[in-house]
Amino acid sequence: MIDWPLVSVIIFLPFIGALIILFIKEDELTSINIKWATLLTTLGTFILSLILWLQFDYSNPSYQYEEKFRWFDDFNFFYHVGVDGISLFMILLSTFLTPLCILASWNNIKKRVKEYMLSFLFLETVMIGMFASIDILLFYIFFEAVLIPMYLIIGIWGGNRRIYASFKFFLYTLLGSVLMLIAIIVMYRNTSSMSIEFLQGNYFSYNTQLFLWLAFFASFAVKIPMWPFHTWLPDAHVEAPTAGSVILAGVLLKMGGYGFIRFSLGMLPEATEFFIPLIMTLSIVAIVYTSLVALAQTDIKKLIAYSSVAHMGIVTIGIFLVNQQGLEGAMMQMISHGLVSAALFLCVGVIYDRMHTREIEFYGGLVQRMPLYATVFMIFMLGSVGLPGTSGFIGEFLVIVGAFKFSSYVVIGAAFGIILSAVYMLYLYKRIIFGTITNNKLADILDINTREKIILIPLAISVILLGIFPNLFLDPMRLSLELIITNYEIANAK
Amino acid sequence: MLNNIYNIFFIPEIFLASSSFVCLLFGLFLKKNAFRQTSNLAVFVLLLTILLVYYDSESNFANYKSLFSHSSFINFFKILALLGSIASIIISKDYFLGIKLKNFEIPILFLFSTLGMMLMIASNNLMSMYLAIELQSLSLYVAAAIKRDSISSAESGVKYFILGALSSGILLYGFSLIYGFTGSMNFDDISFYLSKYDNLNLGLIFGLVFVMVGLAFKVSAVPFHMWTPDVYEGAPNSITGFFAIVPKIAAVALIYRFCLIPFENFYLEWSQIILFLSIASMFLGAIAAIAQSNIKRLLAYSSIGHIGYILIALVAANDDGIKAASIYMFSYMIMNVAIFAILLSLKVKNEYLINISDLKGLSKSNPIVSLSISIIMLSMAGIPPFIGFFGKFYVFIAAIEQELYVLSVLGVLASVISAFYYLRIIKLMYFDESKNEGIINFQISFQSKIILSLSLFLIICFIFYPSLLINISASLTI
């Protein structure tokens, strides 16, 4: 094992990078240095986080690489970080996507490069910190601090309605998370502990659990987002710059799912049991409704945003099935969606950079001019649909297998959503890529360049890798998930 | 008990009072630079007073006819008020010189007002409490109207005076009722007398309500907040800064002591009043601030909102509540010092910044200033990892300890509403395109820069070493 504080280094390396960049004076010549410094910092973070995976002990269900020291003297609040099977891939997802985001914004961010890079580095620190926290208050601090850089990223570098979108994003998520703060304090009052590890169990009376569950639900349902709390998402996605959408879809939505697994399932098992019908209903509505809405969209980004809500519906179904297949499926679906939707947003970014529009009508026949682009786009599109061999399939398949144990109505709903997802994605693909070029402006559009290849090819490889060798990812998380399921079943059996 | 006559001068209040007179004479006899020199002297005097308060462990003065009391809570708030006063004198110096308001009386007024606040915080008797309140208020009435040739300043002074006098009258009436029904003016005696009864009689309830109304005026809690926005707006910016930073500290300490000492056994009676004041202040502060276009009015409503949160901790009425109040008050003071240090140095076309919309595009011309303002705003909104979050966090811990769930949920909801107007300022600076680029300039003196950097440092770095402040506030007894 490693005897130096690896997790803390991973968390704070981007922050240190940000501090260094803060002191570079920005002008025409140095902005390229700022970009390189950011890229190298994020790449370094990614390589370090790979060590986490390589050194990970698959036979240990609880936290590894733990670091703990007392922070506040007056109550049991610790700086306590560590990684288990559930958070491992969330951290990897964050560290993997951030350098790609930096590369994706290499040329199209022209104003305020320094602030942009600072925001991204700060965002990376808080994202990793949030997934690595084993202390609820620490988790909360990171959870809310995510809002600051994301607000700035949408608000400064976003599209026309960016101000509306950034406010909606901030206030919506803040409203959810302040209720979580109250829940955290109530938990602390009842147990005198803030340790996630300790609270995984059944410490609260039934009625307390119900209220706590609702408070956490408010926070995570907005974040993930579940229907009907999803309305901030299309706005935020459409208005955010490409890299902002990538992080939003790739990592920030996963915070909700991660929270559900850790808090709702792990800490409030009886209340979870009580609310499962609610979650299932909302999820099925979300899958069917948002798929239909996605079908009607004319803006590519908005379509992908709505498809995210539908995919997250599958995730919530998987989580609240609380069985091995369901949870593994949900985790796989989250990882897969993190890669696929990030890649789809990057693909949209590619053509947006060239044509500065995201209207589906505008495009058509891109395959004639951009064969390589058409190929990678297809991989991601199929990944989103859930074709066997891509990452999307594993998650959806596992969730549906798990759902059969629960109720066949849920299976029907989920499967219907999956069919609809094939409909809207293939329809989108057909309209953009196939056919002949009818729009003259597209006549001399260029295929993806080297930088874009560097961004998209690793994503394409990992989508396929995930689809062919799912055990590579499922093995590390299996025991941690089993632990949660066992606790859950013990709590509900008595 | 005062055996040695020289020891009298080492009692902080007496030292401050006598030094204030020395400052007055000093300013009177100076021909040149009277304002600047007096300000410097005033800062020096206040620094010495802090040292005296800090080392004044037994305080003979406190025992004098039990007019004043002495406790760690009192000392903490005294030091807080003195620090706030020092900071606001330093940051306002250049502003006064800038608007050519060079009366050397201004720092003296601040000194007397600070003296009044120290007495207010320490008072243990209705009479001394009233006199102390009047001492600090009278100095502030004059300070509000100090810019004699400005109509708005005079208006705000008069408004403040009339409403202040009204509230003092109500307060005094309440005192007389309490005295009439308990036969004592001393907090401890009142508490002892009341401990024999299970419930308050009608006269005492009236007395309590009147005193609460008077105190609510002083802390500007809704619905007795009407003077605050107008006075903030009309007074010169630096006086507004003083209003925002210091008197609140004393008034909050006083309302805590008044509720928790003489009426500690009648929690149910006064907590209803405080509960209402708290909820109303939080929501009105949050909602009314949204529509403001004047930065001073916005800060007035923001301070009303903050008072609402501090009153939550009072409703909790436990040790955690006292801790929460002191941490919150500290963070409130730091944040206000920082924001006023910036506002008093920002000029738009040679006028000091008033309109919020003038902040448009500030991030292009002054990136560091706008970053600082953003941090302060996020901290005021209670977004972690800044100090403002921990203030709110401790308040909610105290409230939930007392099972005030509904109040806590209302509190966090109000904080979401208030986040909107804090974010609006960040939006103006960062998201909006600037029409008036280049005409905003930021000139700050070396001393103000130190104050500003120090308070920003505390706002940002509190999270890295919280134990210092938290251990102090945890040890406070009222």
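This is a predicted model: local features need pLDDT of at least 70, side-chain atom pairs count only at pLDDT 80 or more; totals for chains, interfaces and linings use all residues.

## Chain B as a whole

For a chain of 478 residues, the rule for a compact globule gives a radius of gyration near 23 Å, and chain B, with 21 Å, agrees with that expectation. Along the principal axes, the C-alpha trace of chain B spans about 70 × 55 × 45 Å, and its secondary structure comes to 20 helices and three strands.

Of the 478 residues in chain B, 60% count as buried. When contacts in chain B between residues at least 6 apart in sequence are considered, 80% of them join residues at least 24 apart.

## Chain A as a whole

Chain A has 494 residues, for which a compact globule would have a radius of gyration near 23 Å; the value for chain A is 22 Å, which agrees. The C-alpha atoms of chain A fill a box of roughly 70 × 55 × 40 Å along the principal axes, and the chain has 20 helices and two strands.

Buried residues make up 59% of chain A. Among the contacts in chain A with a separation of 6 or more, 80% are accounted for by residues 24 or more positions apart.

## A buried glycine in chain A

A:Gly467 lies in helix α19 of chain A, which covers residues 450-468. This glycine is classed as buried because 23 other C-beta atoms lie within 10 Å, where the cut-off for a buried residue is 20 or more.

With residues up to four places away in sequence left aside, A:Gly467 touches A:Gly389, A:Thr390, A:Ser391, A:Phe393 and A:Ile394. For one of these, A:Ser391, the separation from A:Gly467 is 76 residues in sequence, whereas the C-alpha to C-alpha distance is 4.0 Å.

## A helix pair in chain A

Two packed helices are described by the angle between their axes and the distance between the axes. In chain A, the axes of helix α14 (residues 324-355) and helix α16 (residues 371-385) come within 9 Å and cross at roughly 145 degrees, and the crossing of α14(A) and α16(A) is left-handed.

On the α14(A) side, the contact is made by A:Ser336, A:Val340, A:Ala343, A:Leu344, A:Cys347 and A:Val350, and on the α16(A) side by A:Tyr373, A:Val376, A:Phe377, A:Phe380, A:Gly383 and A:Ser384. Sorted by class, the contact of α14(A) with α16(A) has nine nonpolar and three polar residues, with no charged residues.

## The largest nonpolar core

The largest nonpolar core has 388 residues, and the members that touch the most other members are A:Val146, B:Ile121, B:Leu314, B:Tyr328 and B:Ala338. Helix α14 of chain B (residues 319-343) gives the most to this core, with 18 residues.

Looking at B:Ala338 in particular, and not counting residues up to four places away in sequence, its contacts are with B:Ile376, B:Leu452, B:Ser455, B:Leu456 and B:Ile459.

## Where the two chains meet

The contact between the chains takes 25 residues from chain A and 24 residues from chain B. On the side of chain B that touches chain A, the elements giving two or more residues are α17 (387-401), α18 (405-430) and α20 (467-474) of chain B.

The largest share of that side of chain B comes from α18(B), which contributes 10 residues. By class, the residues of the side of chain B that touches chain A divide into 18 nonpolar, four polar and two charged.

Note on methods: Residues are numbered from 1 along each chain as its sequence is written. Chains are lettered from A and ligands numbered from 1 in the order in which they are written. Helices (H or I, at least four residues) and strands (E, at least two) are DSSP runs, numbered from the N terminus. The radius of gyration is taken over C-alpha atoms; the globule rule is 2.2 Å times the number of residues to the power 0.38. A residue is buried if 20 or more other C-beta atoms lie within 10 Å of its own, exposed if 12 or fewer, and partly exposed in between; C-beta atoms are placed from the backbone. Two residues are in contact if their C-beta atoms, placed from the backbone, lie within 7 Å. A nonpolar core is a set of buried Ala, Val, Leu, Ile, Met, Phe, Trp, Tyr and Cys residues joined through C-beta atoms within 7 Å. Ala, Val, Leu, Ile, Met, Phe, Trp, Tyr, Cys and Pro count as nonpolar, Asp, Glu, Lys and Arg as charged, and the others, Gly among them, as polar. Axes are lines fitted to C-alpha atoms, for helices over the stretch in contact, and angles run from 0 to 180 degrees between N-to-C directions. A crossing is left-handed if the near helix is turned anticlockwise from the far one by less than a right angle, and right-handed if clockwise.
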